[in-house]
Amino acid sequence: MKIIMLGAPGAGKGTQAKKIAEKYGIPHISTGDIFRANIKGGTELGMKAKAYMDQGQLVPDDVTIGMLLDRISEADCEKGYVLDGFPRTIPQAESLTNALNERGEKMDYAVNVDVPDEAIVTRMSGRRACLACGATYHIVFNAPKTEGVCDTCGEKLVLRDDDKPETVQKRLTVYHDQTQPLIDYYQQAGILVTVDGTKDLNEVFKDITVVLGE
Ligand code: AP5
Ligand code: MG
Ligand code: ZN
């Protein structure tokens, strides 16, 4: 099963993608997590990406598309995957569609996690992230068992550099401008599913599994 997560920054794409990956036994591929791992590791790719991410801007397509297409060619992707944060622009979506066409494959679902902008800023200020395994927590809505420590891998949780309120605003603007058009793109492709992302995160997941199947 091949799934795309769509939604504004902070809508809960990462939270739901992790649950989907666990339930259906497919890899969770987050371009944001890949960039953050590269920043942490001090790679050239990381240095390039950081300059854009800290401004709330998108990393250029020429960097991002090749990186993602390489990732989905790896052996663990044979049974499918859940993409989180890609595609984010029409050229990214078209490159993905074309690459899959060439292999005689296609995406199964694009899950749009719908949350209004007003709710986003509150969520982001309480978010804590694990840069080691990509897990995401919230100090109120999804607290880790031990404060400041990742349940999954035991690493220290951090505030993301791009979660400052003014950067979140910028990311929302970029989202409406460049990423929201993908909702129409996947509607026309006939694979769009929209869920109400303002519900409790377990409710949201239930709504998603109704569509994906038990
Ligand atoms: P990326 O890491 O993808 O960030 P994003 O899209 O801005 O989304 P977030 O990760 O901030 O939010 P999310 O939807 O995953 O929400 P989460 O589950 O954490 O990208 C970062 C940057 O990298 C981009 O700005 C760009 O520069 C670059 N980049 C990445 N991909 C790119 C691409 N393809 N092209 C170009 N550039 C790219 O949830 C948020 C919070 O809310 C958490 O605290 C969570 O616990 C909580 N929460 C979740 N669900 C609920 C709920 N139902 N109720 C209450 N709280 C909830
Ligand atoms: Mg995320
Ligand atoms: Zn972790």
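Buried means under 20% relative accessible area, exposed means over 50%, and partly exposed falls in between (1.4 Å probe, protein chains only). This is a predicted model, where local features need pLDDT of at least 70, side-chain atom pairs count only at pLDDT 80 or more, and totals for chains, interfaces and linings use all residues. Residues are numbered from 1 along each chain as its sequence is written, chains are lettered from A and ligands numbered from 1 in the order in which they are written, and side-chain values use heavy atoms, with hydrogens and water left out.

**View 1. Four cysteines hold the zinc ion (ligand 3).** Angles of 100 to 118° between the 4 donor atoms make the arrangement tetrahedral (four donors, all angles between 85 and 135 degrees).

**View 2. C133 and C150 tie two loops together.** C133 sits in the loop between β5 (127–129) and β6, and C150 in the loop between β6 and α7 (165–179), so the pair links parts that are 17 residues apart in sequence. (Helices are DSSP runs of H or I with at least four residues, strands of E with at least two, numbered from the N terminus.) C150 is buried at 3% relative accessible area, while C133, at 25%, is partly exposed.

Terms used
Donors are N, O and S atoms within 2.8 Å of the metal (3.2 Å for Na, K and Ca); water is not among the atoms, so sites may look incomplete. Four donors count as tetrahedral if all angles lie between 85 and 135 degrees; four count as square planar and six as octahedral if opposite donors are over 155 degrees apart and all others between 65 and 115; anything else is irregular.
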